[in-house]
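Reader: I would like a close look at one part of this model, namely its charged side-chain pairs. Please take them one after another and say where each partner sits.

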Amino acid sequence: MNADSDFPYLEAARRRDPAAFEYLIRKYQDRLFRFMVYFAGNREDALECVQETFLQFFSRIDTFRGDSSLFTWLSRVAMNFAISRKRKKKPMSTEHVENVSQDIPETEIILRELAAQVRHEIQKLPDEFRQVILLRDMEGLEYREIAEMLAVPVGTVKSRIYRARGMLAECLKDV
């Protein structure tokens, strides 16, 4: 997704053009939601964080300077909402793996269970490690982009990814 292609829409959105806001929301909402499901831990909390993010985007679009991509800025805002919710200890809902039908082959059942276990272990990581794993391995962002988003040096990003992967490997070694 080319950030330069967003420029005319960002300028129009700054002038409060509803069509420009709608275009940008449609462009990024699904990707942001998928990321936040993993980060927040469930669909309900992810949806709430994404909604809050776009409300913030609408009310504070003038604060977006364009130093990073719009997705990077939106992701950071959404992560801040999720972290804030967690700190307030607001109860978060949990989703369980859906009941598995008898029609699904055994190997697919095993893969689903493994994926659920990996998601569960990722959710248990401290925020600083969960952030980098999700941004790098789920969203495919470059180290530089992650560093910009989190306002940390690239070396810190690399170190956190290494440590997070080590934590996950330790938790999943018997799986």
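Reader: To begin with, are D67 and R65 buried or exposed?

Author: In this predicted model, D67 and R65 are both exposed, and they are joined by a salt bridge in which the closest N and O atoms lie 2.8 Å apart. Side chains of opposite charge can pair when their charged atoms come close. A search of the whole structure finds twelve salt bridges, and two others deserve attention beside the pair of D67 and R65.

One of them is formed by the side chains of E139 and R31, with an N to O distance of 3.0 Å. This pair ties together distant parts of the chain, since E139 belongs to the loop between α6 and α7 while R31 belongs to helix α2, 108 residues apart. E139 has a relative accessible area of 16% and is therefore buried, the cut-off being under 20%; R31, at 17% relative accessibility, likewise counts as buried.

The other is the salt bridge between R130 and D127, whose closest N and O atoms are 2.5 Å apart. R130 counts as buried, because its relative accessibility is 3%.

How values were computed
Residues numbered from 1 in each chain as written. Predicted model: local features only at pLDDT ≥ 70, side-chain atom pairs only at ≥ 80, totals over all residues. Heavy atoms only, no water. Salt bridge = Lys/Arg side-chain N within 4 Å of Asp/Glu carboxyl O. Helix = DSSP H or I, 4+ residues; strand = E, 2+ residues; numbered from the N terminus. Buried < 20%, exposed > 50% of the residue type's maximum accessible area, 1.4 Å probe, protein only.
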